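User: Hi! Could you walk me through this one with a few questions and answers?

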Amino acid sequence: MSRPVVLLGGGGHARVLASMLRRLEVEILGVVDPRFPVGSDCFGVSVLGDDSALCAYSPKQVGLINGIGSLPGDSGVRERLFCRYSEKGYRFDSVIDPQAFVAAEAELMQGVQVMAGVIIQTGAKIASNCIVNSGAIVEHDCRIGRHVHIAPGAVLSGGVEVGDNVHIGSGAVVIQNIRIGSGSIVGAGGIVTRDVGDGRVVYPARSHIQDRQQG
Ligand SMILES: CC(=O)SCCNC(=O)CCNC(=O)[C@H](O)C(C)(C)COP(=O)(O)OP(=O)(O)OC[C@H]1O[C@@H](n2cnc3c(N)ncnc32)[C@H](O)[C@@H]1OP(=O)(O)O
C-alpha cells in the first residue's frame, strides 16, 4: 500500500481501522463522513466532508478503506459504498493487522479487513469487502462470500462455505464442512452443526439470568 488512503466512515469500526493503519504506517488523508463538520477531528484524523469530498482525489491517487461496520438488519451502507466506488474505479485496499496470522496460501480479495488476533488458515478464500473481526478463526479450505462479517471470536472450522452477505455473530462456532446460505445470520454464541439455507437466522439458546439470592 504505497499511496495514501481515505477512510469511509467515522464510527467505531473506522476507529479500529485507523488504529491499525497507524501501526501499519499507512498515511490516512482523511475521513469521509457526512455527520461531522469539515475539518473536525475524528480519532486524530481530519474530516474531509461528505462523499463529494472524495471527488478531489482520483482513483489513482488514493486507496479506499471501508470504515462502515456491518450488523444484522442494518441498511447495507457498507455494501452500497463498496459497489458505488468500485464502479467509479476506486480500489478498496485489504488490510491485515500485524497481530493477525494469514497463511501464505490463503486468498483474500479486494477490501478484506483482517483484525487483530485473527487466524486464517491455508486454502481459505475470502471474497471482497468482508470483515474478519478481532480474534476470529477461519480454518483451512473455508470459502467465504462477499460482504460477510465474521464477528469477534467466531470460529469457522475446516471446509465451511459461507454465501454472500452473511453475518456470523460474535463467538459463534460452525463445525467442519457446513454450508451457510446467502443473507443468513448466525446469532452471537450460536453453534452450527447442520447446513443453513439462504436467508435464515440461527438463534442460539438464551442465557438464563436470575437473582443471586435465588441460588
Ligand atoms: C466489534 C463488534 O461489536 S461487531 C458486532 C458483533 N455482534 C454480533 O455478532 C451480534 C449478532 N446478533 C445477534 O446475535 C442477534 O441477537 C440476532 C441477530 C441473533 C437476533 O436479533 P433480533 O432478531 O433483533 O433479536 P432480538 O434482539 O429481538 O431478540 C429476540 C429474542 O432472542 C434472544 N436472542 C437474541 N440474540 C440472541 C443470541 N445471540 N443468543 C441467545 N438469544 C438471543 C433475545 O434475548 C430475545 O429473547 P426474548 O424474546 O426472550 O426477549
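User: Happy to start in the sheet: which residue of β16 does valine 138 stand opposite?

Analyst: Good place to begin. This is a predicted model, where local features need pLDDT of at least 70, side-chain atom pairs count only at pLDDT 80 or more, and totals for chains, interfaces and linings use all residues. Residues are numbered from 1 along each chain as its sequence is written. Strands β13 (residues 137–138) and β16 (residues 155–156) pair in the parallel sense over two bridges, and valine 138 stands opposite leucine 156.

User: Which strands are the edges of that sheet?

Analyst: Strands here are DSSP runs of E, at least two residues, and helices are runs of H or I, at least four residues, both numbered from the N terminus. Two strands pair if DSSP finds at least two bridges between them. The open sheet has six strands in the order β7-β10-β13-β16-β19-β22, with parallel pairing. Pairing on one side only, the edge strands are β7 (101–102) and β22 (191–192).

User: Within what arc do the buried residues of α2 fall?

Analyst: Helix α2 (residues 77–87) has Arg78, Leu81, Phe82 and Tyr85 buried (20 or more other C-beta atoms, placed from the backbone, within 10 Å of a residue's own). On the other side, Arg80, Arg84 and Glu87 are exposed (12 or fewer). Taking the directions from the helix axis to the C-beta atoms, the buried residues line one face of α2, because they fall within an arc of 100°.

User: What is the phi of the glycine following α2?

Analyst: Nice detail to check. The residue after α2 is glycine 89. Its phi is positive, near 95°.
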